[in-house]
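Reader: I have a new model open on my screen. Can you walk me through its inner spaces and helix packing?

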Amino acid sequence: MSETWWKSAVVYQIYPRSFADSDGDGIGDLRGIIDHLDHLQRLGVDVVWLSPIYASPHDDNGYDISDYRAIDPLFGTFADFDELLAGLHARGIKLMMDLVVNHTSDEHPWFIESASSLDNPKRDWYWWRPARDGHRPGEHGAEPNNWGSFFSGPAWQLDPATGEYYLHLFSRKQPDLNWENPEVRDAVYDMMNWWLDRGVDGFRMDVVNFISKVVDLPDGEVPAGRLYGDGYPFFGQGPRIHEFLHEMHERVFAGRADRILTVGEMPGVSVEQARLFTDPARAELDMVFQFEHVDLDHGHGGKWDHRQASVLDLKRNLVTWQQGLAEVGWNSLYWNNHDQPRVVSRFGDDRPEHRVASAKALGTVLHLMRGTPYVYQGEELGMANVPFDSIADFRDIETLNHYAEAVDIQGQDAADVMAALRRTSRDNARTPMQWSDERAAGFTTGTPWIPANPDYPRVNAAAETADPDSVFAHYRRLIELRHESPVVADGDFTPVLEDHPQVFGYRRALDGRELLVLVNLTGAVAQYDTAELVEWRDAAFVLGNLAGSESRGVTGSLEPWEALVFRLD
């Protein structure tokens, strides 16, 4: 197998808690996944990325790990895991685990030891600091610096037993590991090798660009309207990040590259930095998840401060990344994951008259660019955001903490805050996978841990897999095209109609074969100038998303949310 097999692969992310429940407790599990492996095979994906299934108190739905070498009983047993792995491999599908090593749970034995005394041998495995000079522990302003947590509040938690604070960029139950300590790195690499030896095929690495921090942890600038300082300049792409990732490659991945996939989640990473992380000559990572395109609709106040992102904003950003990693590095392509609202509600149109067409249009844009596409569970059905009625409907810690801080501390209008939560909350991605029109969307026979989207009677896998014109059928064709046509995986990328306010167009070319992709990303008819596309007048039709697409050519007009693909040999 080629060391770059993943260039023609498609990855499917499973959020186990919400995928399928086999035992009626309302929470998805490994046996539920096993029961639906044929769905993944029918779709045609090559890799499954499994969100954390490790032992955890579930303060952050499993991204707070208390034992990296244990399966949480909530999800099943190692026997279930081994059966899942074998079932995937038998279908030609690889398994990529979620690696969360910027932080652990505060219930991990490493942290319990670290917190037990000031002189415990594992004290330096985490970031401990005394109260700020001139303050007593526990006083307002006594935190060692002014950084804020991503989950609201300060990024420091006082430990009364030792009188010091520990750093947590996320929940207070997610203390940050100190990667400056080589013993920490040794333990992490040993654990990673243990999983690879069990047969897993790679790792998606959670906020891995945060693992190197400026060691004196200075105060950050306090943005307007915020309560806390911005620590990102001191932990995002920190001073030793490339050293750590190269060391990880040498200690874990070297010699396994022909079967392993490594992708680093990197909030705030730039094109130039991504080129370094994914340059094969540097031996760090295969690809990274960047966030620029999913930050386009964030205002100055962050993710909860919505701004309308235009089609021009979106396509120019995607083109920047396509061109920036054209010669060195590799793109990961995604619209959705467990942390993002549903794309059909975000950049598409989830109203019944446009949901299917816009979901197909967005899928076409993504899957035919240069890079490795990721499909998040339910995306292949066109699942949409959820009409949450009240704050009681939410489960996500980030969402609940933001509501409490915004309403109770900052005094913001509760209705305005709720509107932002409905649009942006991570819970939009976490409602149950919609398998059928049966109760609870066929996800469970019990009461689901979070209610299903009420649109499940008309948006579900049972209906879509039987419908040749469904979103599922279109995603299946897109995946087949990537597998069958080398131009999709390896061809050059050239944008067309660059300044058009509605149409995203581009060409892919390799060894005398070309594809032209034209997609209207709005709900209005789009007229375009065919002057730069004259050679495509008699091109062969490949794929479309509307009835009658096969009879349409490069005519200078696209219907609302229409996507067309043509071939030229």
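**Cavities and helix contacts**

Author: Start with the lining of the second largest cavity: seven of its residues are nonpolar, two polar and two charged. Bear in mind that this is a predicted model.

Reader: Which residues line the second largest cavity?

Author: The list is Asn336, Arg342, Val343, Val344, Ala359, Leu362, Glu379, Gly382, Met383, Val471 and Tyr475.

Reader: Which elements give two or more residues to that lining?

Author: Helices H11 (343–346), H12 (355–367) and H16 (471–484).

Reader: And how much space lies in it?

Author: The second largest cavity holds about 60 Å³.

Reader: Back to H12 and H16. At what angle do they pack?

Author: About 15°, and their axes are 9 Å apart. That makes H12 roughly parallel to H16, because angles under 35 degrees count that way. H12 passes H16 in a right-handed crossing.

Reader: Which residues make the contact?

Author: From H12, they are Arg355, Val356, Ala359, Lys360, Gly363, Thr364 and His367. H16 brings Val471, His474, Tyr475, Leu478, Ile479 and Arg482. By class, six residues of this contact are nonpolar, four polar and three charged.

Reader: How many cavities of 30 Å³ or more does a search of the whole structure find?

Author: Three. The largest cavity has about 80 Å³ of space.

Reader: What lines the largest cavity?

Author: Its lining is made up of Gln290, His293, Leu318, Trp321, Gln322, Asn331, Ser332, Leu333, Tyr334, Leu366 and Met369. Helix H10 (311–324) and strand S14 (332–333) are the elements that give two or more residues. H10 has the largest share, with three residues.

Reader: How many charged residues are in that lining?

Author: None: the lining of the largest cavity has six nonpolar and five polar residues, and no charged ones.

Reader: Switching to pockets. What volume does the second largest pocket have?

Author: About 370 Å³. Its lining has 22 residues, and Glu3, Trp6, Pro280, Leu285 and Asp286 lie nearest the centre. By class, that lining has ten nonpolar, five polar and seven charged residues.

Reader: Last pair, H4 and H6. What's the angle?

Author: Helix H4 (residues 78–90) and helix H6 (residues 182–198) pack at about 60°, with axes 11 Å apart. They are therefore oblique to each other.

Reader: And which residues make that contact?

Author: Phe78, Phe81, Asp82 and Leu85 come from H4, while Trp194, Trp195 and Arg198 come from H6. That contact has five nonpolar residues, two charged and no polar ones.

Notes
Residues numbered from 1 in each chain as written. Predicted model: local features only at pLDDT ≥ 70, side-chain atom pairs only at ≥ 80, totals over all residues. Heavy atoms only, no water. 1 Å grid on protein atoms, 1.4 Å probe; cavity = no way out; pocket = protein on both sides within 12 Å on 5 of 7 lines; lining within 4 Å. Points joined across faces, edges and corners; volume = space filled by probe spheres on them. Nonpolar A, V, L, I, M, F, W, Y, C, P; charged D, E, K, R; others polar. Axes fitted to C-alpha atoms, helices over the stretch in contact; angles between N-to-C directions. Helix = DSSP H or I, 4+ residues; strand = E, 2+ residues; numbered from the N terminus. Parallel < 35°, antiparallel > 145°, perpendicular 65-115°, else oblique. Contact = heavy atoms within 4.5 Å. Left-handed = near helix turned anticlockwise from the far one by under 90°.
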